[in-house]
Amino acid sequence: MMHIVKRQMYLLFGIVFFITGLVGVLLPILPTTPFMILAAGCFAKSSPRFHQALLNNRWIGQDLQRWEREHTMLRITKIRATWVIVIMFSISIAVLMGKLWLQGMLIGLAVILLFFLWRVPEASNKEWV
């Protein structure tokens, strides 16, 4: 009985993390990749079908597979994520013109996101070249 409850909780958390990751595509404050990694981890323990669906996804599947194998990211993935963060946060900062404390908060969040993004180890192979 406890095993069933545990699987259901992992499934629920996987769905929540997946939805949060999807929202993160549109909102610059929520990073997509960590939520998708969490969703994949939860689905690995609860739903092999959902786990495989994430791993086979054409947009994020290879990155999730690499993360599961090596806990690394490709440099090109980091560069793309950096551009998305910079562009989305710049738009948000421009929209908040005149609200310096909110703009400062967004700049601080962007710096923190970029700091942690670039601390992730890079894949040693040259798949993307």
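Is Glu70 buried, partly exposed or exposed? The structure examined here is a predicted model, in which local features need a pLDDT of at least 70, side-chain atom pairs count only at pLDDT 80 or more, and totals for chains, interfaces and linings use all residues. Residues are numbered from 1 along each chain as its sequence is written, and side-chain values use heavy atoms, with hydrogens and water left out. Glu70 is partly exposed, because its relative accessible area is 32%, where buried stands for under 20%, exposed for over 50%, and partly exposed for the values in between (1.4 Å probe, protein chains only).

The pLDDT, which is the predictor's confidence in each residue on a scale from 0 to 100, averages 89 over the protein chain, and 95% of the residues score at least 70. Among the elements of the chain, helix 3 (residues 48-55) has the highest mean pLDDT, at 95, whereas helix 5 (residues 75-95) has the lowest, at 89. Helices are taken as DSSP runs (H or I) of at least four residues, numbered from the N terminus.

The search of the whole structure finds 4 salt bridges, a salt bridge being a side-chain nitrogen of Lys or Arg within 4 Å of a carboxyl oxygen of Asp or Glu. One of them is formed by Glu70 with Arg69, the closest N and O atoms being 3.8 Å apart, and Arg69 counts as exposed because its relative accessible area is 52%. In another, the side chains of Arg66 and Asp63 meet at 3.0 Å, N to O. Both of these residues lie in helix 4 (residues 61-70), where they are 3 residues apart, about one turn of the helix. An α-helix has 3.6 residues a turn, so residues three or four places apart point the same way.

Through salt bridges that share partners, Arg75, Lys78 and Glu122 are joined into one network. Lys78, placed in helix 5, counts as buried because its relative accessibility is 1%. When residues up to four places away in sequence are not counted, Lys78 touches Met73, Leu117, Trp118, Val120, Pro121 and Glu122, contact meaning heavy atoms within 4.5 Å.

Ser47, in the loop between helix 2 and helix 3, is buried with a relative accessible area of 11%, and its C-alpha atom is separated by 9.1 Å from that of Gly14, 33 residues apart along the chain. His71, found in the loop between helix 4 and helix 5, has a positive phi of about 55 degrees although it is not a glycine. Most residues other than glycine have a negative phi. His71 is partly exposed, with a relative accessible area of 45%.

About 1200 Å³ of space lies in the largest pocket. Of the 43 residues that line this pocket, the closest to its centre are Thr32, Thr33, Asp63, Thr77 and Ala81. A pocket is an open set of points on a 1 Å grid over the protein atoms alone, where a 1.4 Å probe fits and protein lies on both sides within 12 Å along at least five of seven lines, and lining residues have an atom within 4 Å of a point. The volume is the space filled by probe spheres set on the points, which are joined across faces, edges and corners. Helix 5 gives the most to the lining of the largest pocket, with 7 residues, while helix 1, helix 2, helix 4, helix 5 and helix 6 each supply at least two.
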